[in-house]
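Take a look at the fold below, strand by strand and then core by core.

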Amino acid sequence: MTGAHTPASAAATITGNRGLRIEEPLIFEQGDPAKSGVDLPRPDDRPDRLGGLARQGPIGLPGLSEPEVVRHYTRLSQKNYAIDSGFYPLGSCTMKHNPRLNERMARLPGFADLHPFQPVSTVQGALAVMEALSAWLLGLTGMEAVALSPAAGAHGELCGMQAIRAALDARGDEHRRVVLVPDSAHGTNPATAAQCGFKVRGIPGDDRGRVDLAAFKAALDDSVAAVMITNPNTCGLFETDILALSRAAHEAGAFVYMDGANYNAIVGRVRIADLGADAMHINVHKTFSTPHGGGGPGAGPTVLSAALAPFAPLPHVVRDGEGWRLIEHVEGDMRPFGRMKGFHGQFGVFVRGLAYIMSMGKDGLRAASGDAVLNANYLLARLGASLTPSFEGPCMHEALFDDRFLKGTGVSTLDFAKALIDEGFHPMTMYFPLVVHGAMLMEPTETESKASLDVFCDTVLALAEKARAGETALFTEAPRHTPRRRLDETRAARHPVLRWEPPAPAPVHAPAPAPRRVAAQS
Ligand SMILES: *Cc1c(COP(=O)(O)O)cnc(C)c1O
């Protein structure tokens, strides 16, 4: 394992800081319980009304002044590489610019200060926003119904697959418990199927990077509940046999779940209903530019076909005379499988997504998907001469390469990615999809200019040249310019240290003890 510390020549500073990058201990390691950020008069002559509930010992919070707190969190925020700091070609994740207009809209007090328990008569505007977003999603996809409440793509998968299960049970098809999942699928697909009580059966791809239609047809029998298919798929390729696939699935009595994480490539160009999908989640935080990452709020509205619409989860927003109404309990012939979460979903994300959709308009959304595909093909064309594209022909919104071009160089996909960090780029997605060796999946999105794509391409091409020229250490020792070097990621995943333990009391005025962070750092 490469050492965590910088080579001595470059390292030694008195403070441990490097350039303007300041070493940041945990806030608990900085605080002094004797300090306080507030100055309140001591309450005197107040009867103690807490009785036995009064705190016995100190509360254990770090004591810091306001400027210390502000500096701590500002420095932490600067350690976060984001789409706002630079190019972020993370394939499958659609890291596109989040227009600030979205944020302005989401911060309007009429949206930001709502409470989910407010009477419906006081939140008519919010319900109108949900209805408007639903109308756009249904218009774009051509589907029958949409459940807005799922909080992420994976949650949307759960919603769609629960609807499928409910529909199967309602028609007495409880014996259908197998879900077919292509080998290139995102890990959430088999996980979702298993979570819903289905058995997962893998379907191989063909040498064009698409689902093997013959193998798929051969796997269809009356035990099959559904197929989960990603289109464009995780190799960045359009499933050209999609119509044959969905027709065969339907003829065999199975449903078609479409993973819509890659919808950004086809939005405004392909109606999902026309592909034969029964359900598809939409990652608003990918396709419609709302922020994502770090497990933060996303939204995974799930569109449903007429066959699944009756099973959509509650709540529903419906027009009611002049206004809007929330349906929270079963009415008429609806047969909801349940609810996905408390309240109505990630409302702030709905506002952002709708702001994006309305500011782009139908023509703008169509232009964006076209530009996303154009940008990816630009990468494929420029890098394809030196790297090894995994499949022949043009791609959709992401370009997939494998590690054949590194053969014999002693440089791995991981090393190559770390060298990109030294060059100021967030690496592409590595080792996914699993169907190609040492995968490098690059998704530039439509929000990159040609100039920024060129800087990235020039860098990748120069690195590939250096790898072939035997400059192996440049890669195996990378990253050399980050505050931390290579971490033992396996150990961090297997033995995470999630709890901070206070150090033994130190003598007054002694220097602060060395920071203790995750044990996995070496
Ligand atoms: C991102 C992604 C998901 C999961 O979406 P989340 O919003 O991260 O839960 C599922 N499938 C594919 C192909 C994805 O890229």
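This is a predicted model. Begin with strand 5, which is covered on both faces. F255, Y257 and D259 are buried on one side. V256 and M258 are buried on the other. Strand 5 is thus described as mostly covered, with five of its five residues buried.

Now look at the neighbours of strand 5. Strand 4 pairs with strand 5 in the parallel sense, over five bridges. Within that pairing, T230 stands opposite D259. The chain gets from strand 4 to strand 5 by way of helix 9, residues 242-251. This β-α-β crossover is right-handed.

Strand 6, residues 279-281, also pairs with strand 5 in the parallel sense, here over two bridges. Y257 stands opposite A279 of strand 6. M258 stands opposite M280 of strand 6.

Seven strands make up an open sheet, ordered 1-7-6-5-4-2-3, with mixed pairing. Which strands stand at the edges? They are strand 1 (145-147) and strand 3 (199-203). Each has a single partner strand, so one side of each is left without a neighbour in the sheet. From one strand to the next, the twist averages 20°.

Helix 7, residues 188-195, packs on this sheet. Helix 7 touches strand 2 (178-182), strand 3, strand 4 (224-230) and strand 5. The direction of helix 7 makes about 155° with that of strand 4.

Next, the packing of nonpolar side chains. In soluble globular proteins, such side chains tend to be buried together. Here the largest nonpolar core has 60 residues. Which residues have the most contacts inside this core? They are L180, F216, Y263, I272 and F288. Several elements give two or more residues to the core. Among them are strand 2, strand 4 and strand 5 from the sheet. Helix 5 (124-141), helix 8 (213-219), helix 9 and strand 9 (323-327) are also on the list. So is helix 11 (347-384). Helix 11 gives the most, with 10 residues.

Leaving out residues up to four places away in sequence, L180 touches R201, I203, F216, A219, L220, V224, A226, V227 and M228. One of these, F216, is itself listed with L180 among the residues with the most contacts inside the core.

Another core, of 29 residues, lies apart from the largest one. Its members include F401, V411, F425 and M442.

Move on to helix 12, residues 413-422. Helix 12 is mostly covered, with eight of its 10 residues buried. The buried residues are T413, D415, F416, A417, K418, A419, L420 and D422. They pack against strand 12 (429-430) and strand 13 (440-442). They also pack against helix 13 (450-468), helix 14 (473-476) and helix 15 (489-494). Just after helix 12 comes G424, with a positive phi of about 90°.

Finally, the backbone. Most residues other than glycine have a negative phi, and most peptide bonds are trans. Some places in this model depart from that pattern.

Which residues are joined by a cis peptide bond with omega of about -5°? N231 and P232 are joined in this way. P232 sits in the loop between strand 4 and helix 9. Another cis peptide bond joins A478 and P479, with omega about 0°. P479 lies in the loop between helix 14 and helix 15.

Two residues other than glycine have positive phi. T94 has phi near 50°, and Y431 has phi near 60°. T94 sits in the loop between helix 2 (66-78) and helix 3 (100-107). Y431 is found in the loop between strand 12 and strand 13. Is each of them buried or partly exposed? T94 is buried, with a relative accessible area of 0%. Y431 is partly exposed, with a relative accessible area of 37%.

How values were computed:
Residues numbered from 1 in each chain as written. Predicted model: local features only at pLDDT ≥ 70, side-chain atom pairs only at ≥ 80, totals over all residues. Heavy atoms only, no water. Pairing = 2+ DSSP bridges. Helix = DSSP H or I, 4+ residues; strand = E, 2+ residues; numbered from the N terminus. Axes fitted to C-alpha atoms, helices over the stretch in contact; angles between N-to-C directions. Contact = heavy atoms within 4.5 Å. Buried < 20%, exposed > 50% of the residue type's maximum accessible area, 1.4 Å probe, protein only. Right-handed = clockwise from strand over helix to strand, strands pointing away. Core = buried A, V, L, I, M, F, W, Y, C linked by side-chain atoms within 4.5 Å.
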